[in-house]
Amino acid sequence: MLPHECLIILYHRISNNPNYYNQLNVSTFNFENHIRYLSENFEIISLQDLLKSKESGNIPPKSIVITFDDGYADNFHNAKGILEKYSAPATFFVSTGNIDTKELFWWDLIELGLFTNKKSSVEVHLNLHQKNYLWKLSREPFDINSFINISDFLKTLNSSDLRSATDQLKKQFILDKSVFEYYRCLTSDEIKEIAKSALFEIGSHTSAHTSLAAETDNEQIFQIKNPKELLEKIIGKGVRSFSYPFGTLNDFSSNTIKHLRDQGYITALADIQGNVSLMDDNFKLPRRYICNWDEINFKNYIQTFFLVG
Ligand SMILES: [Zn+2]
């Protein structure tokens with residue numbers, strides 16, 4: 001890693017529930033080991049401090065920014081306390097469509113629909129714009145390609161088609177509602193509690209969690225503006241940071257960035273692999289995805305980015 005570079009890391013869920021396919025979950029035990037290791041060996045800075053140091057041309061050496069995407073309730077129940085224990089700042093990017101509801105994201109519906117029922121396979125039927133789609137998902141043996149195919153398809157949908165698809169999924173799966181609690185999103189009270197701490201920042205991750213590239217211009221503006229206003233109302237302070245759902249360069253455009261600027265955001269984080277350097281555009285900041293690694297694997301992964309400088 002060169003001098004004046006920073007690493008932004010990305011988590012989703014912190015919980016002790018089983019990981020099935022999506023690999024979004026890090027156990028509380030592994031998470032605490034990650035944060036302890038980082039706090040003992042690196043400078044964990046807030047996203048806002050990274051932006052300030054970037055502006056002044058002086059990113060602190062060995063600096064790391066911690067972020068969370070999607071807004072799972074376990075961020076409040078499991079991650080917050082560990083971050084506070086090590087005085088580690090973090091930014092939580094919340095997708096606001098499921099706040100104060102018991103609705104689940106589509107990737108969790110599919111995962112639970114396959115892995116928590118008694119059958120070893122399930123069929124998924126969707127009808128969109130008079131067209132029929134069918135996927136056969138198998139758990140034993142696990143058919144990863146079908147899982148990827150349906151996920152890739154759902155990632156291309158705009159928010160109105162995704163709403164229809166999610167409603168159809170909910171009707172097809174026999175889901176054990178008791179596990180919903182573990183997959184639910186933050187409530188407004190939980191968001192408010194997180195935002196009370198000076199260590200934490202709340203950012204926006206759209207309302208519908210669709211690829212913004214799939215949306216019309218007007219819908220993009222809604223998906224950028226509405227969650228900002230809602231979150232600001234909940235926490236009583238400004239929301240200036242954004243992260244792109246799915247986050248690849250194909251999931252947003254220069255038009256998206258224009259809308260973000262127009263709505264008062266000062267930064268947007270992507271899911272592009274890389275370190276942040278002084279040259280990086282604040283609306284395309286790269287991040288590195290963290291998996292449920294034990295301390296040794298996490299350490300090895302992080303150290304590969306800090307071999308120089
Ligand atoms: Zn996301």
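This is a predicted model: local features need pLDDT of at least 70, side-chain atom pairs count only at pLDDT 80 or more; totals for chains, interfaces and linings use all residues.
In helix 4, which spans residues 106-115, the buried residues are Asp108, Leu109, Ile110, Glu111, Leu112 and Leu114.

Let me turn to strand 9, residues 200-204. Five of its five residues are buried, so the strand is mostly covered. Phe200, Ile202 and Ser204 point one way from strand 9, while Glu201 and Gly203 point the other way. The partner I wish to mention is strand 6, residues 90-94: the two strands pair in the parallel sense, over five bridges. Within that pairing, Ser204 of strand 9 has Val94 opposite it.

Setting aside neighbours within four places in sequence, its contacts are Phe92, Val94, Ile191, Ile194, Ala195, Leu231, Ile235 and Val239.

In soluble globular proteins, nonpolar side chains tend to be buried together. Here, the largest nonpolar core comprises 52 residues, and those with the most contacts inside it are Cys6, Ile8, Ile64, Val65, Phe92 and Ile202. Strand 1, residues 5-11, gives the most to this core, contributing six residues. There is also a second, separate core, made up of 18 residues, including Leu137, Phe147, Leu162 and Ala165.

Technical notes. Residues are numbered from 1 along each chain as its sequence is written. A nonpolar core is a set of buried Ala, Val, Leu, Ile, Met, Phe, Trp, Tyr and Cys residues joined through C-beta atoms within 7 Å. A residue is buried if 20 or more other C-beta atoms lie within 10 Å of its own, exposed if 12 or fewer, and partly exposed in between; C-beta atoms are placed from the backbone. Helices (H or I, at least four residues) and strands (E, at least two) are DSSP runs, numbered from the N terminus. Two residues are in contact if their C-beta atoms, placed from the backbone, lie within 7 Å. Two strands pair if DSSP finds at least two bridges between them.
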